Amino acid sequence: MTLLLLAGRYGYHRDELYFLLCGRHLDWGYVDQGPLVPALARLLDTIAPGNLVVLRTPSALLAGAAVLLVAAIAREFGAGRGGQSFAALLAALSGIVLAGGHLLSTTTIDLLAWLAAAWCAVRLLRTGDSRWALGIGVALGVGMLNKLLPALLAVGLIAGVGIAGPRRLLRDRWVLAAAGIAALLAAPNLIWQATHGFPQLSVAASISGGDSSYSGRLDALTLQFVIISPYAVPIWIAGLVALLRRPAWRAYRPVGWAWLVVVGIVLIAGGKGYYDAPLLLVLTAAGAVVTAAWASRGAPRLRRSLLALGAVPFLLPTVVLLLPVLPAERLPGFVVDVNYDAGETIGWPAFTDSVATVHRGLPPAERPRTVILTGNYGEAGALARYGPARGLPHAYSGHNSMVDFGRPPADADVVIVVGWERSAPLNAWFDECAPAGRVDQRVEVDNDENGGPIFVCRGLRRPWAQIWDTEVRHAG
């Protein structure tokens with residue numbers, strides 16, 4: 001309910017603007033994602049054009065389902081009602097659920113797919129009934145129509161079973177059938193990736209190089225201790241230790257090893273630190289069982305009071321940092337420092353106004369052959385959303401799948417460039433590039449756009465067809 005009440009605050013996130021553009025070019029895959037979210041974005045924007053609440057409602061519902069799954073996983077580990085409620089509360093107040101549930105995001109679908117697969121895996125390990133593997137296959141297959149990341153969970157679970165057993169599962173007919181189901185469901189996206197040279201590998205390489213939010217090995221390591229909540233750290237660590245060492249939980253050891261393998265891969269490969277967050281929630285569910293048992297021993301009132309008091313310092317800051325509760329025009333800088341995504345939901349109409357001011361300043365004779373070139377997909381998405389009402393020409397970008405949505409016409413030799421610093425590429429592409437203004441989002445927010453330069457470039461040195469795919473294209 002909280003997520004729905006706040007869904008209309010601030011504005012579109014850069015990724016949401018990108019999803020809407022991808023939705024105009026429906027396909028079985030994109031450079032950086034599968035077809036699910038773009039198709040969903042198109043459907044929702046068709047039902048209620050420009051309505052942020054409608055656009056974000058599915059994420060809020062998926063976040064609620066994720067909380068219920070965490071409670072269900074805790075129940076599989078033996079939690080009573082108190083332990084299940086505690087696990088659900090920790091999940092509901094976690095960073096990955098609050099931040100992901102606020103925006104239309106591939107992260108929210110990924111979270112639910114991982115948790116659904118994990119719940120089926122825990123049930124399989126508890127009951128010994130390998131038919132639950134079919135549920136894992138369905139969850140992973142559907143999840144891979146969103147992102148290829150569920151394959152990482154599959155690697156972790158297989159490695160966990162290989163390390164901790166029971167190894168007979170690796171040749172079990174139901175497990176093999178589940179692998180087939182996952183591959184069949186994911187096939188459209190996998191085939192698209194294969195026929196396009198697996199562009200997600202280029203995106204992954206860019207992320208590994210630190211050229212993306214929440215990327216870099218140090219950031220990924222740090223995020224392990226804040227993505228759920230600092231309050232939950234000792235709880236999920238207790239859950240990990242119990243999964244690996246508690247004799248009564250021997251059957252669940254593959255789950256503990258799965259997280260160790262996945263987080264190891266993320267850190268070594270330089271992936272984003274939230275990739276393994278769903279498994280951290282599984283560890284949190286296990287830790288909630290351990291913590292609830294601790295709280296019921298000795299002096300239970302005192303221990304429960306300590307747990308409640310310990311949570312208080314984290315509750316309000318978490319909500320303030322991750323949800324749009326403060327006025328956008330007075331958003332403190334530390335909020336954006338902690339939550340990069342907050343800054344990327346502010347100021348897009350004003351960003352478009354800044355570009356429109358430059359466009360109006362062009363000589364009338366130049367405007368018919370003018371286009372806009374943006375540095376990233378969010379800027380192109382904002383201009384697609386707000387530009388027509390301001391009389392702006394079409395905006396193009398070489399960022400991720402934007403490069404495949406079309407290049408400027410051959411006669412477009414006057415270009416408004418935004419989101420690019422004056423650098424070698426611009427000087428190589430045009431005879432001249434002159435500063436023509438700066439982005440003014442009319443609020444004090446430190447995001448990727450505010451205060452950035454706007455150039456007017458003239459004299460295209462080589463045809464767009466020669467430079468578009470080879471030089472303008474970039475991933476990240």
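The C-alpha centres of domain 1 and domain 2 lie 37 Å apart. Domain 1 covers residues 1-320 and domain 2 covers 347-472; these bounds come from an automatic or database domain assignment. This is a predicted model, in which local features need pLDDT of at least 70 and side-chain atom pairs count only at pLDDT 80 or more, while totals for chains, interfaces and linings use all residues. Residues are numbered from 1 along each chain as its sequence is written, and side-chain values use heavy atoms, with hydrogens and water left out.

Start with the area. The size of an interface is often given as the accessible area lost when the parts come together. Here the two domains bury about 1500 Å² between them (accessible area, 1.4 Å probe, lost on being put together and summed over both parts). Carbon and sulfur atoms carry 59% of it. On the side of domain 1, Arg14, Leu17 and Tyr18 lose the most area to domain 2. Together they make up 42% of what that side buries.

Now look at the charges. The rule finds 3 salt bridges across this interface (a side-chain nitrogen of Lys or Arg within 4 Å of a carboxyl oxygen of Asp or Glu). Arginine 14 forms a salt bridge with aspartate 448. Their closest N and O atoms are 3.4 Å apart.

Which helix gives domain 1 the largest share of its side that touches domain 2? Helix α2, residues 14-23, supplies 7 residues (helices are DSSP runs of H or I, at least four residues, numbered from the N terminus).

Conventions: Helices (H or I, at least four residues) and strands (E, at least two) are DSSP runs, numbered from the N terminus.
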